[in-house]
Every structure is written in C-alpha cells, then in structure tokens.
Amino acid sequence: MSNPQQLRYSKEHEWVSAAEAGVSTVGITSHAADALGDVVYVQLPEVGSTVTAGDTCGELESTKSVSDLYAPVTGEVTEVNQDVVDDPALVNSAPFEGGWLFKVKVSEEPGDLLSADEYASFTGN
Amino acid sequence: MMTPTPAAPRRTALDALHRALGATMTDFAGWDMPLRYGSERDEHNAVRTRAGLFDLSHMGEITVTGPQAGQALDHALVGHISAIAVGRARYTMICQEDGGILDDLIVYRLGESEFVVVANASNAQVVLDAVTARVAGFEADVRDDRDAYALIAVQGPESPAILASLTDADLDGLKYYAGLPGTVAGVPALIARTGYTGEDGFELFVAPADAEKLWQAITEAGSPAGLVPCGLSCRDTLRLEAGMPLYGHELTADLTPFDAGLGRVVKFDKPGDFVGREALRAAADRPVRKLVGLVAEGRRVPRAGYPVVADGKVIGEVTSGAPSPTLGKPIAIAYVDAEHAAPGTEGVGVDIRGTHEPYEVVALPFYKRTR
C-alpha cells in the first residue's frame, strides 16, 4: 500500500494528518503494520492526556511481539478510535483509514516529520 | 581457533516459491524461512479447520544404520529406540551426562537396521556430533542427511483427504507416529503421520530436487479444500495451543525431561546404559518446577522471559506466550514452583512490563482436537 501524499510521517512509522481546526489524526503506517503482523491488542493514550512528540504513548501487540507507540506530535488527545480498540485487526486491514489510532490537538510539531516520498525512501520502498 | 563469521542464511529448495508467494521471510537457526504469507491468524485457523502446507526443510535429519543401530541409539538417547517397530516413530530426547536436554527428537525406524533421527535446526550440529561420538563403540554408522531431504508438512483435518488424492499409499493404515515409504504426486517420499500443530497431518521427507513439484501438487489438490501455505509464525501458535514444547523455550540444557514434565520419554528399564542415566535417576525424584498453562483474563500478551508472580513475589517464568487464535485470548506456557502449579490456583499473575495482570492456571494443552 502506498503512503498517502497528504500525510506526514515519523521515523517511528506513525503518520499524522494535516490539522483540521487544530486537530490531527494519528495512526501507524502500512509498512509498520506489515512488519508487526496481525495486531491483537492496542493500548492508546487516554482522552485528555498530553502526548509528547517522540515519547511513547501506547503499545501495539502482535502475534510475535509488542511494540511501543510513539507520539509523532505534541498535544492533547481529543479522541481515541474505539473501533480499533475493539477490533485491532483494523490496523492491518486499513492502517491509513479505519485503523487510525487517536486524534490530538497539536500544540507543537517537530520539524523532522517526513513527506510521503521521504518516508518511502526511509523505509526502502 | 578463530570464530567463524556467521554465514549467509541458508535457503531451502522451496525458497523461490516462498518469494513468489510473497512470504515475509525470517532468519531461523541460520535458515531463511517463511514467517507468514499473509495473516498468521488466518494461516493458524486454516490448519485448525481445513489444512495448511509448511516448508520444514530446516529440520536436521541424521541417519543411523548398521546391525547395532538400535542399541547404539538406546545408548545415545533417553528412549528405548531398539524397541520401535519398523515403520513406526517415537518422540524422544538426547540429554547431556548431567541430564540436561540437548534436543528433543523424532526417531523413525525405516528398517531393521536403519533409523532417521530428526533434530531441531538450531541443534542439528550438536546432535550430529553427540550421536557420532556416542555410537563409536557400536556397529553402527552415522550419516549427516541434512542436505538429503526437503521436509514438507500437510497439517489439518482435510490433510488425509488431500494426500489420499495424490498417493496410493495406505494412509488409513498409517497410524499417528508411523511412517512408510511411498510415492506422492509421483515423488518418492517418506510419508510420516507426525506433526507439531495438534492436528492430524503428515510430514513428507523428499529429495530437495522434488520439493517444488510436490509443493505445487499439494497446493493444487488442496486449494479447493481450503489448504493455504503456512509460515513458522502460525506453527508456533499452533504448537503452543497444543501444549507442545519448543527447544530454547520449554526445553533447555539447564532442564531435564522431568523438569519439563516429560519424564515419560526417559526409559530406565531399557537394556544397557545410556548417557545421562545416573543424573536423570536423581532428577526423577525432585520435580522442582512445573510446566503449566496460563490463560489471560485481560488482553495483554505474556512473552517469553516475563516473570510469573503471586502475592508480589516471583514464582516462575513464562517460556512461551502468544495471543491464541483458537481461544481468542492470550495464553502462555510457564514454569512455576510446585505450590502454584495446580489448575485454578488463585492469585497468579504475570508481570507484563511492570503491571501485574491476572492469569488463570490451567493444565496443558490449551487445545485438543476432537476428531
């Protein structure tokens, strides 16, 4: 699956959408989902909590391993995707769409987020 | 002696096929093996309900022949190998002098004076060296047959029908843990009714040059019945649900077969002495730790090495853990001290990265097939 052009990407394999009314959506990339294998459990930050760019804010369990989820931006969590908590397989089947993880009111954004093309060369695709 | 530089991973005879199928590959004991082709959960469920096809060519085959081959293996291994009937197989182990497990094995008796020992890929060299050294005083020859065979497994409830469509061999007469030479899809094969999934199934030992042809024929015959190619990832969850031990996890050189709850493989009453006898005699009387099953009440997955806790104290360690596709919950195999080993023991948990999550102690296996 190709990386949508309108998103930006972290080197920890999260994507972040352009802010709408100051709020961005965050998920993990298709590349990351493929590498994890079947995701069976997601632990997301709580609504109202503050996440900090580059820090862990949750975890993703797959058959083989557990991986930390890193916040790609800093801000307050406004919503988490209950659908993905109930059905973590959405992360595999639709990582850029129905498998989004949480929304965040962005207060600060690191300068080193990658474009779709930069992320593609970062992952060697 | 210089440390040899790690060689590039070895590739099985089916390597090109795996890549054409889009497999995610992984390095396993020095072999480049398919981890999964698509969703490992779908592959797991296919084996439980229909059929799955595995490349297990990394397993290590060692042939022992000669008039004293049986007695030689009685001495080298802990089982009563000379008592295996021709055409039958036995699950057994090879131990150190101190009783520690070097590997778990399946031994097939192909003839009066011919046995094939199948070792785990990670231990094949160790087993080959040990068997070679131990049979030195017997009229027996040891042959490294690791490159002589590709190994293809067909596992799952549909596997007998799939295989029957490709062979004239008497599969109905082939019991669990038996093996006979035959022809499958025109390919000469040792057909064994063995596996590592908890399902009915077959393992086919064939010449590497025939492996692709056989794989394609089984795929063609099995696809209408729902057979899919399966990787090592689902093999691990299948064996875990079936409560089968994996070397390096439940079995190590620091443990005896008795520690692992598998003391039944040690045959003290067989004729002659065998390596490890004395230490194993002592080990039989002191079961210190017990292997149990744990079923999660929550959704976080216990992993190998996580501490098992009760009343804030460490009482054991997880050896294998995974989300169980069949149970729909995380499960684990763990060593625990004897007083916490009874099924239903209250207050047992696993320390999952700092949080104590509650777990139910259950008897193994987690899953047993009904047909």
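A salt bridge is taken here as a side-chain nitrogen of Lys or Arg within 4 Å of a carboxyl oxygen of Asp or Glu, and five of them are counted between chain A and chain B. The model is a predicted one, in which local features need pLDDT of at least 70 and side-chain atom pairs count only at pLDDT 80 or more, while totals for chains, interfaces and linings use all residues. Residues are numbered from 1 along each chain as its sequence is written, chains are lettered from A in the order in which they are written, and side-chain values use heavy atoms, with hydrogens and water left out.

One of the salt bridges joins B:D236 to A:K64, with the closest N and O atoms 3.2 Å apart. Contact (heavy atoms within 4.5 Å) draws in 20 residues from chain A and 16 residues from chain B. The buried area, meaning the accessible area (1.4 Å probe) that two parts lose on being put together, summed over both, is about 1,400 Å² between chain A and chain B, and carbon and sulfur atoms give 40% of it. In chain A, the residues that lose the most area to chain B are A:D38, A:T63 and A:K64, which together account for 40% of what that side buries.

Within chain B, strand 3 (residues 31–36) has six of its six residues buried, that is, under 20% relative accessible area (1.4 Å probe, protein chains only). Strands are DSSP runs of E, at least two residues long, numbered from the N terminus, and two strands pair if DSSP finds at least two bridges between them. Strand 2 (residues 24–28) of chain B runs antiparallel to strand 3 of chain B, joined by five bridges, and B:F28 stands opposite B:W31.

Key
Buried < 20%, exposed > 50% of the residue type's maximum accessible area, 1.4 Å probe, protein only. Helix = DSSP H or I, 4+ residues; strand = E, 2+ residues; numbered from the N terminus.
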